[in-house]
Amino acid sequence: MIKNDRFLKALARQPVDKTPVWLMRQAGRYLPEYRKIRSQAGDFLTLCKTPELACEVTLQPLERFDLDAAIIFSDILTIPDAMHLGLYFEPGEGPKFKQPTCDAASIKKLGIPDPEDDLGYVMQAIRHTKQALAGKVPLIGFAGSPWTIGCYMVEGGPSKTFATIKGMLYTDPAILHQLLQKLADSISLYLQAQIAAGADVIMLFDTWGGILTPQAYQAFSLHYMQQILQSLPAHIPTIVFTKNGGLWLEAIANIGSNAVGLDWTIDVGDARQRIGHQVALQGNLDPAIMQATPEVITQHVEQILASYGSGNGHIFNLGHGITPNIQPENVAVLVDAVHEKSQQYHQCKQHDQAQ
């Protein structure tokens with residue numbers, strides 16, 4: 001039994017007393033207590049792979065802020081790591097792979113990870129966290145989209161141009177589809193295991209879908225996300241987020257997810273007019289605004305709430321992950337402003353949630 005089910009009700013577009021709020025990367029480097037635990041762990045991957053520590057950092061933001069959901073602390077590259085590609089993190093440069101999958105031979109060798117064996121540490125972290133939450137708020141499980149994970153695997157790390165994978169897309173699309181299908185199968189099993197371990201909601205992060213043409217987005221990103229959603233139990237709510245996906249909101253809304261995440265490049269009111277009758281909407285404050293004064297943060301919260309307007313189906317979030325340079329006090333300002341300023345847009349006066 002979830003005591004604060006405001007987030008779940010918003011996903012179902014049911015009445016709530018105030019707009020729920022959580023933040024992408026809400027457990028992260030902006031929190032001094034997170035930095036302390038990461039220092040104790042020694043490195044990022046060890047932190048991810050130690051269930052007790054992953055549980056601890058998942059809960060840290062909920063101890064500070066009145067958030068309406070927790071998201072399990074992990075990384076979208078756990079699957080290619082389990083495929084033995086030599087994932088490591090270069091300081092100041094981000095994730096890299098010692099063995100990129102940039103040709104047919106390397107893609108053919110890839111196996112499908114066993115979620116309880118190769119990725120069991122994630123399931124253990126979810127079980128620990130569910131027990132520790134004791135029903136306080138829902139727990140979100142997640143994965144990267146096949147396209148986004150594939151970008152890192154083929155490029156061997158972050159990229160500004162994505163020349164290798166986009167070259168593969170146009171010169172040997174059949175090979176790229178083989179990779180994306182293996183990733184879709186792996187992600188489906190991975191998310192099914194997260195649900196079995198206790199995840200209440202599933203989110204797909206399609207960080208790099210926005211670099212594609214409309215036709216390529218449909219074929220190489222959206223198609224595989226739809227396949228994954230169809231593999232999940234129907235009673236588990238899902239969220240799909242494509243960064244820079246504002247051009248394709250109608251197509252995204254049609255793949256069967258309960259909610260569409262928005263980045264900051266689209267007005268939430270326009271998005272509601274386009275697809276809000278089909279799905280809930282999540283977003284979409286520009287993360288850079290979190291560097292501003294409390295007054296400016298509150299002003300922009302009010303603008304987004306007013307743009308969405310009265311009614312159900314809005315989950316407040318940033319348009320992408322919170323950045324490390326943010327003061328924790330500003331997060332408190334954001335969360336409290338969303339809860340306080342949103343009440344006027346909801347007619348549900350009595351609510352049985354724990355406050």
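**Notebook: contacts, sheet and helices**

I began with T298, which, leaving aside its neighbours within four places in sequence, is in contact (heavy atoms within 4.5 Å) with V333, A337 and K341. The model is predicted, so I noted that local features need pLDDT of at least 70, that side-chain atom pairs count only at pLDDT 80 or more, and that totals for chains, interfaces and linings use all residues. Residues are numbered from 1 along each chain as its sequence is written, and side-chain values use heavy atoms, with hydrogens and water left out.

**Entry 1**

I placed T298 in helix 14 (residues 294-308); helices (H or I, at least four residues) and strands (E, at least two) are DSSP runs, numbered from the N terminus.

I then turned to helix 15 (residues 328-342). Its buried residues are P328, N330, V331, L334, V335, A337, V338, H339 and S342. Helix 14 is one of the elements that cover them, and helix 1 (6-11), helix 2 (32-41) and helix 4 (51-64) are also included. I checked the length of helix 15: at 1.5 Å a residue its 15 residues should span 21 Å, and the end C-alpha atoms are 21 Å apart, which agrees. The expected span is 1.5 Å times one less than the number of residues.

I found seven strands in an open sheet, in the order 1-4-5-6-7-8-9, with parallel pairing. Strand 1 (70-71) and strand 9 (314-315) stand at the edges with a single partner strand each, so one side of each has no neighbour in the sheet. Two strands pair if DSSP finds at least two bridges between them.

I examined strand 6 (residues 238-242), where five of five residues are buried. T238, V240 and T242 lie on one side and I239 and F241 on the other, so that both faces are covered. Strand 6 pairs with strand 5 (residues 201-206) in the parallel sense over five bridges, and L204 stands opposite V240. The chain passes from strand 5 through helix 11 (residues 214-231) to strand 6 in a right-handed β-α-β crossover; right-handed means that, with the strands pointing away from the viewer, the path from the first strand over the helix to the second runs clockwise. Strand 6 also pairs with strand 7 (residues 259-261) in the parallel sense, over three bridges, and I239 stands opposite A259.

**Entry 1: S257**

I located S257 in the loop between helix 12 (249-253) and strand 7. S257 is buried, with a relative accessible area of 7%. Which residues does S257 touch, not counting those up to four places away in sequence? I listed L229, T238, I239, V240 and V279. S257 and L204 are 53 residues apart along the chain, and their C-alpha atoms are separated by 9.7 Å.

**Entry 2: helix 8 and helix 9**

I recorded that the axes of helix 8 (residues 146-155) and helix 9 (residues 163-171) come within 8 Å and cross at roughly 110°. Helix 8 is therefore roughly perpendicular to helix 9, a term that covers 65 to 115 degrees. W147, G150, C151, V154 and E155 of helix 8 make the contact with A163, T164, I165, M168 and L169 of helix 9. Axes are lines fitted to C-alpha atoms, for helices over the stretch in contact, and angles run from 0 to 180 degrees between N-to-C directions.

Notes. Buried < 20%, exposed > 50% of the residue type's maximum accessible area, 1.4 Å probe, protein only. Parallel < 35°, antiparallel > 145°, perpendicular 65-115°, else oblique.
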